[in-house]
Amino acid sequence: MINSQEKKNKDDLLQNIQNVEENINAKIVEQMNNLRSLWQLGSQNNSSWKRFGSKLYYFSQTSEPWEKAREQCVAMGATLAMVKTDEQMAFLANESTSKHWLGLSDIGTEGTWKWLDGSIPDKRLWVPGEPNNEGEEDCGEIHGRLNDIPCDLLRPWVCEKSIAI
Ligand code: 2F8
Ligand code: CA
């Protein structure tokens with residue numbers, strides 16, 4: 001016969017075990033995804049995925065409007081690339097021989113630019129004088145640095161996915 005305090009202790013213990021199990025499962029899934037990404041990188045001689053730091057970047061060979069490009073990245077288990085540091089900007093500017101879509105827009109609220117994860121782009125990363133919304137420009141590209149252009153223009157794009165290594 002167990003009293004109510006003992007029952008509570010037992011329930012707490014079971015709950016803790018369940019939490020630990022869930023954390024371990026999440027880590028296993030994360031590491032399997034990392035392995036899949038690294039396999040993808042290593043097994044294709046002509047892979048368009050390139051590693052910089054803890055991210056892999058895919059440079060498309062075709063051009064699409066921004067929304068289609070965003071969907072293409074999602075279909076690859078990735079997202080349109082987001083640039084958070086000078087180092088990432090330098091890497092992408094060097095790798096992208098032409099202008100590419102990034103995961104940046106002010107579609108939600110005109111004039112409020114956000115990366116797809118909701119964060120605000122660092123002002124220093126824009127081309128001087130941008131964003132200027134010339135005509136109507138709601139989507140972001142990399143053109144050396146950041147520039148806003150109309151979302152329906154066709155551009156190649158850059159996807160990114162994170163790897164925990
Ligand atoms: O001068 C900057 C300006 O250059 C172009 O417009 C003429 C860009 N548009 C396209 O590339 C489509 C603008 O976004 C840019 O602000
Ligand atoms: Ca512009």
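Trainee: Which residues is Tyr 58 in contact with, leaving aside its neighbours within four places in sequence?
Mentor: Tyr 58 is in contact with Ser 48, Trp 49, Met 76, Ala 78, Val 158 and Cys 159. Being in contact requires two C-beta atoms, placed from the backbone, to lie within 7 Å. Please keep in mind that this is a predicted model, where local features need pLDDT of at least 70, side-chain atom pairs count only at pLDDT 80 or more, and totals for chains, interfaces and linings use all residues. Residues are numbered from 1 along each chain as its sequence is written, while chains are lettered from A and ligands numbered from 1 in the order in which they are written.

Trainee: Why does Tyr 58 count as buried?
Mentor: A residue is buried if 20 or more other C-beta atoms, placed from the backbone, lie within 10 Å of its own, exposed if 12 or fewer, and partly exposed in between. Tyr 58 has 20 C-beta neighbours inside 10 Å, so Tyr 58 counts as buried. Its place is in strand S2; strands are DSSP runs of E with at least two residues, helices are runs of H or I with at least four, and both are numbered from the N terminus.

Trainee: And why is Asn 133 called partly exposed?
Mentor: Asn 133 has 14 other C-beta atoms within 10 Å, so Asn 133 is partly exposed. Asn 133 lies in the loop between S5 and S6 and has a positive phi of about 50° although it is not a glycine. Pro 131 lies in the loop between strand S5 (114-115) and S6, and the peptide bond from Glu 130 to Pro 131 is cis, with omega near 0°. Most residues other than glycine have a negative phi, and most peptide bonds are trans.

Trainee: What makes a set of residues a nonpolar core?
Mentor: The members are buried Ala, Val, Leu, Ile, Met, Phe, Trp, Tyr and Cys residues joined through C-beta atoms within 7 Å. The largest nonpolar core here has 24 residues, and Trp 101 is one of those that touch the most other members. Among the elements that give two or more residues to this core are strand S2 (55-59) and helix H2 (66-75). Not counting residues up to four places away in sequence, Trp 101 touches residues including Trp 66, Leu 80 and Trp 157.
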